[in-house]
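Have the sequence and the 3D view open as you read.

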Amino acid sequence: MKNWVTIQGIKHTWYQFWHDCRQLPKKAWQRWFGTLAIGLGFSAVVMFVSTLIVKRAVDQGNLQTWDENMLIPWANAIPLSFAKAITWESPGNLVGMLPVVVVFLVITIRRSQPLLAATMAMAYGLQFALVWIGWGYWNRDRPILISDGVAASGLHSFPSGHTVVALTVYGFLAFLWWRSSRNWLEQLLILVLAIIWIGLIVSSRLVLGAHWPTDVLVGIGIGGLWLVIVLVALVRAEAVVSTPGSRLVNR
């Protein structure tokens with residue numbers, strides 16, 4: 001019975017999403033798809049080039065030495081204990097992030113906001129493709145300098161997936177909250193909270209010794225770039241929808 005209800009709920013949600021998508025002008029979706037496609041291609045190139053540059057520098061020894069010298073001082077400088085870092089890294093992993101994305105998708109679809117739902121799905125889903133460019137080309141070993149690497153998984157180290165997905169998803173949510181506010185104090189508070197929240201997730205990876213500093217720094221760059229592209233795609237599509245008469249379906 002529960003499975004039947006779940007299946008029916010998924011079918012109804014998908015039907016509503018598809019119906020609402022068809023109500024938006026084709027030009028809006030064309031702008032959206034075009035911006036995301038070009039942005040994804042550009043981000044992929046940036047990710048691949050970054051991987052080549054960092055890998056070469058590490059193989060030559062200079063950057064690896066810098067990473068080894070910086071990891072422990074950076075980790076000690078962060079006001080976060082090892083135990084608390086374990087807690088803070090949780091919202092940035094796949095298990096902790098997926099419920100946030102799913103709930104957002106259900107809410108926006110139920111509220112007939114297909115652009116927001118589609119943008120979140122692409123923001124979350126395609127960031128994995130960018131991360132896997134680095135992981136697929138270079139199987140960098142994780143650090144073992146902190147607690148003998150007990151918190152460092154056996155997966156590829158470069159770049160930091162936690163960093164990329166945290167910036168992308170939580171940055172997207174913060175932007176939506178920020179632009180819905182008309183109070184500059186609230187907007188400032190949103191900005192500060194977003195920086196703290198994302199910062200704690202990112203910092204926890206260094207405190208736990210799960211990544212080298214360069215893994216995190218490149219993750220910040222790629223995550224920030226992908227977030228900007230996602231937001232530009234959304235805003236460009238919304239500009240078409242907000243044009244007078246654009247709510248008419250273009251068949």
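## Helix H7

Of the 20 residues in H7, 15 are buried, so this helix is largely enclosed by the rest of the structure. Keep in mind that we're looking at a predicted model.

As for its length, H7 covers residues 161-180 and reaches 29 Å from its first C-alpha to its last. That's close to the 28 Å expected for its 20 residues at 1.5 Å a residue.

## How H5 packs on H6

Next up is a helix pair: H5 (residues 94-110) and H6 (residues 114-137) pack with their axes 8 Å apart, at an angle of about 160°. Angles over 145 degrees count as roughly antiparallel, so that's the label for H5 against H6. The crossing of H5 past H6 is left-handed.

Who's touching whom? On the H5 side, the contact involves Leu94, Met97, Leu98, Val101, Phe104, Leu105, Thr108 and Ile109. Across from them, H6 brings Leu116, Ala117, Met120, Ala121, Tyr124 and Phe128. Sorted by class, the contact has 13 nonpolar residues, 1 polar and no charged ones.

## Val45 in H2

Val45 sits in helix H2, which runs over residues 26-59.

For a sense of distance, take Val45 and Leu115: they're 70 residues apart in sequence, and their C-alpha atoms are 26 Å apart in space.

Definitions and conventions. Residues are numbered from 1 along each chain as its sequence is written. This is a predicted model: local features need pLDDT of at least 70, side-chain atom pairs count only at pLDDT 80 or more; totals for chains, interfaces and linings use all residues. Side-chain values use heavy atoms; hydrogens and water are left out. Axes are lines fitted to C-alpha atoms, for helices over the stretch in contact, and angles run from 0 to 180 degrees between N-to-C directions. Helices (H or I, at least four residues) and strands (E, at least two) are DSSP runs, numbered from the N terminus. Angles under 35 degrees count as roughly parallel, over 145 as roughly antiparallel, 65 to 115 as roughly perpendicular and the rest as oblique. A crossing is left-handed if the near helix is turned anticlockwise from the far one by less than a right angle, and right-handed if clockwise. Contact means heavy atoms within 4.5 Å. Ala, Val, Leu, Ile, Met, Phe, Trp, Tyr, Cys and Pro count as nonpolar, Asp, Glu, Lys and Arg as charged, and the others, Gly among them, as polar. The expected span of a helix is 1.5 Å times one less than its number of residues. Buried means under 20% relative accessible area, exposed over 50%, partly exposed in between (1.4 Å probe, protein chains only).
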